[in-house]
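Look at the structure below and follow the text with the chain in view.

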Amino acid sequence: MAEEIQIMDTGDGSHTLLNVALDETYHSRHGALRESQHVYLKAGFYHWINLHQDKESLRIFEMGMGTGLNLMLTLQATLIFPEKQFEYITLEAFPLPYTVIEKLNYPNLLGDSDLTKLFEQVHRCPWSEWYSVLPNFQLKKLNQKLEDYNIEKNSVDLIYYDAFAPNKQAELWTIVTLGKVCSMLKPEGIFVTYSAKGQLKRDLKSLGLTVETLKGPPGKAEMIRATKSLINE
């Protein structure tokens, strides 16, 4: 796997990876860090927190752990909410070797030595079991494909859908797959992704979600956020 991966600089100075076989980058070439902060943290995590300030816990499901950038930024964000409990489940069918991970510059860009240690910790911790990263942050990494994942309906509050693009991994963007994924959402649960494809919007609406087209991160005009209604089954 390592020889099929190349580290690249993006527009904001942060690294991304190029999957040579797919000819696809893991993040936006315009800025990996800014993309994750905009799509998954601002439109997802903080939006959910603002809407549910009374909730004591938040469970997140991430499709595509990749470099762990979304995980690291979420972990950093939870530090200012010590009163809340967080659970984070992330799927990755093809985990990156640590020889690649240790070269990524995300912790250095954020200038946080504690975050550097946490970034290493989440990549080195065991797979397939709950791991306590912090007293209020539990992580479960799963080395498996989405089609093999045992879905638990109405079990998560927030979904980060960070699969490769529809033209690269079409099977992860079919209405059948999206239906399976979105069935995990609790009522008022939120689904966020960098994609803004018209077919994706139509499919999410047909699954009963309320779809918003939001301003995208630098270099991308739009992104999608979708919310499950209270009465959606």
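Predicted model: local features only at pLDDT ≥ 70, side-chain atom pairs only at ≥ 80, totals over all residues.

Helices α1 and α2 are oblique to each other, a word used for angles that are not under 35 degrees (roughly parallel), over 145 (roughly antiparallel) or 65 to 115 (roughly perpendicular). The axes of α1 (residues 32-51) and α2 come within 10 Å and cross at roughly 55 degrees. Here axes are lines fitted to C-alpha atoms, for helices over the stretch in contact, and angles run from 0 to 180 degrees between N-to-C directions. Helices (H or I, at least four residues) and strands (E, at least two) are DSSP runs, numbered from the N terminus.

Residues are numbered from 1 along each chain as its sequence is written, and side-chain values use heavy atoms, with hydrogens and water left out.

Which residues of α1 and α2 meet? From α1 they include Leu33, Tyr40, Leu41 and Phe45, and from α2 they include Leu69, Leu73 and Ala77; contact means heavy atoms within 4.5 Å. By class, this contact of α1 with α2 has nine nonpolar, five polar and no charged residues. Ala, Val, Leu, Ile, Met, Phe, Trp, Tyr, Cys and Pro count as nonpolar, Asp, Glu, Lys and Arg as charged, and the others, Gly among them, as polar.

Helix α2 (residues 69-78) is mostly covered, with nine of its ten residues buried. Among them are Leu71, Met72 and Leu75. Buried means under 20% relative accessible area, exposed over 50%, and partly exposed in between (1.4 Å probe, protein chains only). In the loop between α2 and β5 (85-91) lies Pro82, which is exposed, with a relative accessible area of 60%. Pro82 and Ile5 are 77 residues apart along the chain, and their C-alpha atoms are separated by 37 Å.

The axes of α6 (residues 175-182) and α7 (residues 198-206) come within 10 Å and cross at roughly 50 degrees. That angle makes α6 oblique to α7, and α6 passes α7 in a right-handed crossing. Ile175, Leu178 and Cys182 in α6 meet Leu200, Asp203, Leu204 and Ser206 in α7. The residues of this contact of α6 with α7 divide into five nonpolar, one polar and one charged.

Two loops hold a point of backbone geometry. Most residues other than glycine have a negative phi. Asp23, in the loop between β2 (15-19) and β3 (24-25), has a positive phi of about 55 degrees although it is not a glycine. Ser128, in the loop between α5 (113-124) and β6 (131-134), has a positive phi near 70 degrees.

Now take the whole protein. Its secondary structure comes to seven helices and eleven strands. The radius of gyration is 17 Å, close to the 17 Å that the globule rule gives for 233 residues, so the protein is as compact as a globular protein of that length. This radius is taken over C-alpha atoms, and the rule is 2.2 Å times the number of residues to the power 0.38. Buried residues make up 53% of the 233 residues.

Key:
Left-handed = near helix turned anticlockwise from the far one by under 90°.
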